[in-house]
Amino acid sequence: DGHTKTDSVLIVGAGISGIMAAKTLSQNGINDFVILEATERIGGRMREEAFAGGIVEIGANWVEGVHGSKVNPIWTLANKYNLTSFYTDFSNQSSNIYTKNGYVDPSTVTNETKMAEAEKEYVTNLAISKSKNGEQDISILTGQRLFGSVPQTPIEMCLEYQNYDFEFAEPPRVTSLENTHPNPTFRDFGDDEYFVADPRGYSHIVHQLAGDFLQTRNGKITDPRLLLNKVVRKIKYSKDGVKLLTEDGSTYFGKFAIVTASLGVLQSSLIKFQPVLPDWKVEALFQFDMAIYTKIFLRFPYTFWPIYPGAQFLIYCDERRGYYSTWQSLVSFQHLAKEFPGKNMIFVTVTDEESRRIEQLPDKEIKAEIMSVLRKMFGPNIPEIEEMLVPRWGSMKYFKGSYSNWPIGVSDSEFEAIQAPVETLYFAGEHTSQKYSGYVHGAYLTGIEAGKDLVACIKHKKCRKFSQEKHKDLKNSTCKEEIAKEREATRQAWTKKMDAVLASHKNGM
Ligand SMILES: Cc1cc2nc3c(=O)[nH]c(=O)nc-3n(C[C@H](O)[C@H](O)[C@H](O)COP(=O)(O)OP(=O)(O)OC[C@H]3O[C@@H](n4cnc5c(N)ncnc54)[C@H](O)[C@@H]3O)c2cc1C
């Protein structure tokens, strides 16, 4: 057991970023690699689970950013593989609001809805002008205060929750304004979102991508370079190479490694680096946030919630912000009903502290809380839950959260440190995408990028270096013009690189 060839690349993780890193190497003639994956499957956080006789997506669910000026590469793949997906209509949310006293007539909340929209527009414009002028970042909450109105009532708070937490999985107090507004995903790829509900799972995309370059038999990957159930516990690295140790006692040698484990994993002690990663790297990793986003799936004996095309979202507004607030019906759409026939399914999303709290509870207690909320929404005469699935992403040790969120206090140059290589170690994964962190397409693009970096390094001796000095200077700099200039330069460099990746991707399809 082991691997000793001189130009071999060890890839940690078989999520979409790890698979794309390997695929990029393979497409460029570097076939001497091994992929080590901790779980029993590829796909990582694109993960379907059995529920109600079918499957549900406990991880990524939407292709986010569709019908814009650039084409989202995941949208291209979803179409190529005929993945069943449905347009998500966010426009009717205010018609489906509930409080502890039941249904709220939409005509009574027009002020709140208008205010929430105006506020979002204001903070977006504020972010644009601040970024242009090289001004220091602020939180979304600070932006709201500058707007002059911070949500207070249950209805105001849950409209706010829909605008921010439902996307970033952390509250406005935590989230960076400048790095999330406008959200590069929607600005570049378009505002539309498509909800994947395909019996093969969203991860079908990853299987297809892997099958393009890994050996398969009867649709199953049999390639000896993909090793499942291999938990990497130690990474020893130097400029001469990398040695990996796995939980089962195996050792792997390579010239380089690409680490795609999630930010949550890198913040935990699962993988021990030897020598320890440099301070600039560790601090950047620890400054960034791993958020938790939890979808709780429920099946009832019959449907008692409203079913019409505009009722995909039902919003519950409690005094406690984010308390079981976002409900999505899986029978509201005719087509969704086709995908989940007779299932009477609905799911509720919680995030951040609520996720953390709920993850600690036994299912029985979660059920009781949910039933109590549903009785407030729909009255006392509703049936009991027949089946429930509660993913616990925060506690899963190979993920430790759902996706990264850009918090206040992390600059562009600091972000570069998250992604930067250390000697022979390269990093990829959702959290290393400067523009699209948190998303499937972000993870996908960083995999390609890390692969390309290594191709340039191995084949053309052009190896990426990270300037620690420059990083330090910029981190400590207080000069507005300098920051603005550097920020613009970094953004332009990234955009150029990403556009090149997108263009080559398009040609390769
Ligand atoms: C609940 C939830 C909802 C989401 N919703 C959306 C959405 O709607 N749209 C969207 O675009 N994105 C969404 N995302 C984000 C998206 O799923 C991720 O950005 C993307 O899948 C991450 O891919 P990755 O390759 O970077 O990481 P991962 O998929 O996490 O892959 C990393 C792999 O590394 C493995 N690993 C970890 N530690 C080790 C180790 N020590 N040794 C070996 N292997 C290891 C893991 O098992 C994993 O398979 C969601 C995520 C979650 C969890």
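Modeller: Let us start with the elements: helices (H or I, at least four residues) and strands (E, at least two) are DSSP runs, numbered from the N terminus. The model is a predicted one, in which local features need pLDDT of at least 70, side-chain atom pairs count only at pLDDT 80 or more, and totals for chains, interfaces and linings use all residues. Residues are numbered from 1 along each chain as its sequence is written.

Colleague: How many helices and strands are there in the protein?

Modeller: The protein has 17 helices and 25 strands. To judge the overall form, one uses the radius of gyration, taken over C-alpha atoms, and the globule rule, which is 2.2 Å times the number of residues to the power 0.38. Here the radius of gyration is 23 Å, close to the 23 Å that the rule gives for 509 residues, so the protein is as compact as a globular protein of that length. The C-alpha trace spans about 70 × 60 × 40 Å along its principal axes.

Colleague: Which elements contribute to the shell around the ligand?

Modeller: A residue is near a molecule or strand if its C-beta atom, placed from the backbone, lies within 6 Å of it. Of the 40 residues around the ligand, G13, G15, S17, G44 and S402 come nearest. Helix 1, strand 5 (62–66) and helix 15 (440–460) are the elements that give two or more residues to this shell. The largest share, 3 residues, comes from helix 1.

Colleague: How do the residues of the shell around the ligand divide into nonpolar, polar and charged?

Modeller: By convention, Ala, Val, Leu, Ile, Met, Phe, Trp, Tyr, Cys and Pro count as nonpolar, Asp, Glu, Lys and Arg as charged, and the others, Gly among them, as polar. The shell around the ligand has 22 nonpolar, 13 polar and 5 charged residues.

Colleague: Where does UniProt place the feature "binding site"?

Modeller: UniProt positions are given in the numbering used here, feature names are shortened, and annotations may be inferred rather than shown by experiment. In the unreviewed UniProt entry, this feature is placed at S17, E37, A38 and V232.

Colleague: Is S17 buried or exposed?

Modeller: A residue is buried if 20 or more other C-beta atoms lie within 10 Å of its own, exposed if 12 or fewer, and partly exposed in between, with C-beta atoms placed from the backbone. S17, which is found in helix 1 (residues 16–27), is buried because 34 other C-beta atoms lie within 10 Å. E37 also counts as buried, with 25 C-beta neighbours inside 10 Å; E37 is found in the loop between strand 2 (33–36) and strand 3 (48–51).

Colleague: Which residues does E37 touch?

Modeller: Two residues are in contact if their C-beta atoms, placed from the backbone, lie within 7 Å. Not counting residues up to four places away in sequence, E37 touches G13, A14, I42, L227, L228 and K230. With its neighbours within four places in sequence left aside, S17 is in contact with residues including T260, A428 and Y444.

Colleague: What does the domain assignment of the protein give?

Modeller: Domain bounds come from an automatic or database domain assignment. That assignment gives domain 1 (9–46 + 202–289 + 400–508) and domain 2 (87–197 + 293–389). Their centres, taken over C-alpha atoms, are separated by 31 Å, and 17 residues of domain 1 are in contact with 18 residues of domain 2. On the side of domain 1 that touches domain 2, the largest share, 5 residues, comes from helix 17.

Colleague: Why is helix 8 described as largely enclosed by the rest of the structure?

Modeller: Helix 8 (residues 204–211) is so described because 6 of its 8 residues are buried. These buried residues are H204, I205, V206, H207, L209 and A210, and they pack against helix 1, helix 2 and strand 11 (220–221).

Colleague: What should I look for in the backbone itself?

Modeller: Most residues other than glycine have a negative phi, and most peptide bonds are trans. In this model, N229 has a positive phi of about 55°, and N344 has a positive phi near 50°. The peptide bond from H181 to P182 is cis, with omega near -10°, and the bond from Q274 to P275 is cis, with omega near -5°.
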